[in-house]
Amino acid sequence: MAKIVAGISTSHVPAVGHAVDSGRTQDEYWKPMFDGYEFSKQWVKDNPADVDIIVYNDHASYFGMDIMPTFAMGIAEKYNICDEGYGPRPIPVVEGHAELGTHLAASLILDDFDMTVLNKLDVDHGLTVPLSLMYGTPDKWPTKVIPLPVNVVMNPQPSGERCLALGKAIRDAVENFDGDLKVRIWGTGGMSHQIQGARAGLINLPWDIQFMDDLVNDPETLQYKPHLEFMIEAGSEGVELIMWLIMRGALGDKVNEVYRFNHVPASNTSVGHLILTPKED
Amino acid sequence: MKPNFEQYKDIPGTTIYTIELARKGFQLNEFCMSLRTQENRERFHADEHAYLDEWDMTEEQKQAVLDRDFQRMIDLGGNVYFLSKIFAAEGMSYVQAVSTMTDQTLEEYQAMMLAGGRSPDGWRSKKERGEA
């Protein structure tokens with residue numbers, strides 16, 4: 001059977017992609033942040049997987065407001081890179097796992113999660129910056145990817161409860177797949193940041209650290225945190241953190257915290273990163 | 001569950017992009033989406049008025065784009081991820097564009113970020129700030 005072997009959460013700041021693409025990761029500004037991912041780059045090499053399910057949000061790069069799916073799943077063989085206004089990032093095309101993606105989408109719909117099915121999708125920095133952070137600059141990404149876009153841009157966003165429950169359903173669906181695959185799930189976005197209005201630049205590191213603690217140890221309580229609290233305490237764009245609950249739900253009741261990293265700032269954002277593994281009973 | 005969009009209006013200096021606001025800004029945001037191709041970016045930059053007239057936007061929305069007044073665009077239903085297509089096409093970073101919506105200069109904003117960002121203290125409620 002297929003199995004969820006790890007969860008990875010990380011911010012997905014677009015400027016981080018620029019830093020990678022323009023070879024500036026060792027600049028004074030960027031080095032401390034990239035250094036924080038060195039452990040993780042080695043860890044994913046030492047603990048390989050076949051497929052990465054990447055929970056992320058599109059930033060008006062593929063989805064406009066003509067169609068705005070709350071939860072969607074890519075079931076294609078490959079995903080091209082979006083032009084976000086300055087040409088596509090110069091990175092490899094993202095290869096999909098159509099067979100597992102199809103199985104997951106079908107299983108989730110049957111379990112009452114009304115996924116939008118994507119046979120075509122271009123992916124933006126929300127998905128590709130985490131790939132760059134974990135895998136660097138390879139000629140080809142080392143895993144197949146199943147994109148899982150979530151609407152966190154337009155309010156109402158899905159509730160925290162729904163996100164955690166979706167993660168749990170993903171875990172069941174992966175385990176019901178008739179194939180021997182190691183699967184990781186990534187929750188991306190956050191942490192605290194606000195990129196609009198007079199309050200722009202908001203950062204709340206103590207809140208971010210508490211969110212990480214609760215995500216690891218007490219997701220059953222964390223799921224009820226209202227969106228309003230995310231907005232007030234972690235900024236209007238901090239609500240992206242609900243995507244980390246999907247990752248957490250897929251890891252089971254107890255987890256091992258393999259690694260944690262925080263860094264302020266990257267561009268306008270508080271960067272946070274976790275590696276978690278399911279704790280076997 | 002009945003939506004409660006009012007609850008977001010007490011957050012100072014913040015516009016929550018609701019489904020209601022998204023209706024108001026639909027054409028503005030559609031225009032932004034069109035800038036995802038080099039061909040359209042070139043056409044827009046060659047004659048901004050003519051390009052904007054191809055969209056069913058209000059005159060206020062068009063003027064805000066011509067003025068590069070990002071706060072005004074957000075007030076009129078724009079969302080920053082859409083608006084990023086305008087500033088990215090001009091080589092402007094999020095930090096540069098975002099700082100224009102604050103009362104700080106770019107240099108002051110960058111210094112604030114390097115020093116740990118804007119504390120939420122004093123920025124949680126308009127009522128607390130005497131703004132409402």
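This is a predicted model: local features need pLDDT of at least 70, side-chain atom pairs count only at pLDDT 80 or more; totals for chains, interfaces and linings use all residues.
Reader: What percentage of the residues of chain B count as buried?

Author: The C-alpha trace of chain B spans about 45 × 40 × 25 Å along its principal axes. A residue is buried if 20 or more other C-beta atoms lie within 10 Å of its own. Of the 132 residues of chain B, the share that counts as buried is 38%.

Reader: Are α2(B) and α7(B) roughly parallel or oblique to each other?

Author: Helix α2 (residues 26-34) and helix α7 (residues 80-88) of chain B pack with their axes 8 Å apart, at an angle of about 45°. That angle makes the arrangement of α2(B) relative to α7(B) oblique.

Reader: Is the crossing of α2(B) and α7(B) left-handed or right-handed, and which residues meet there?

Author: The crossing of α2(B) and α7(B) is left-handed. From α2(B) come B:Asn29, B:Cys32 and B:Met33, and they meet, in α7(B), B:Phe82, B:Leu83, B:Lys85 and B:Ile86. By class, the residues of this contact are five nonpolar, one polar and one charged.

Reader: Which helix gives the most to the side of chain B that touches chain A?

Author: In the contact between the chains, 48 residues of chain B touch 35 residues of chain A. On the chain B side, α1 (19-24), α2, α6 (70-75), α7, α8 (94-99) and α9 (106-114) each supply at least two residues. With six residues, the helix that gives the most is α7(B).

Reader: How many nonpolar residues has the side of chain B that touches chain A?

Author: This side of chain B includes 14 polar and six charged residues. Its nonpolar residues number 28.

Reader: Why is strand β11 of chain A largely enclosed by the rest of the structure?

Author: Strand β11(A) covers residues 269-278. It is largely enclosed because, of its ten residues, the number buried is eight.

Reader: Which residue of β11(A) is the bridge partner of A:Ser9 and of A:Arg260?

Author: Strand β1 (residues 3-10) of chain A runs antiparallel to β11(A), and four bridges join them. Strand β10 (residues 255-266) of chain A also pairs with β11(A) in the antiparallel sense, over nine bridges. The bridge partner of A:Ser9 in β11(A) is A:Leu274, and the partner of A:Arg260 is likewise A:Leu274.

Reader: In the hairpin of β10(A) and β11(A), which residue takes a positive phi?

Author: This hairpin has two residues between the strands. The residue with a positive phi, near 60°, is A:Ser267.

Definitions and conventions: Residues are numbered from 1 along each chain as its sequence is written. Chains are lettered from A and ligands numbered from 1 in the order in which they are written. A residue is buried if 20 or more other C-beta atoms lie within 10 Å of its own, exposed if 12 or fewer, and partly exposed in between; C-beta atoms are placed from the backbone. Two strands pair if DSSP finds at least two bridges between them. Axes are lines fitted to C-alpha atoms, for helices over the stretch in contact, and angles run from 0 to 180 degrees between N-to-C directions. Angles under 35 degrees count as roughly parallel, over 145 as roughly antiparallel, 65 to 115 as roughly perpendicular and the rest as oblique. A crossing is left-handed if the near helix is turned anticlockwise from the far one by less than a right angle, and right-handed if clockwise. Two residues are in contact if their C-beta atoms, placed from the backbone, lie within 7 Å. Ala, Val, Leu, Ile, Met, Phe, Trp, Tyr, Cys and Pro count as nonpolar, Asp, Glu, Lys and Arg as charged, and the others, Gly among them, as polar.
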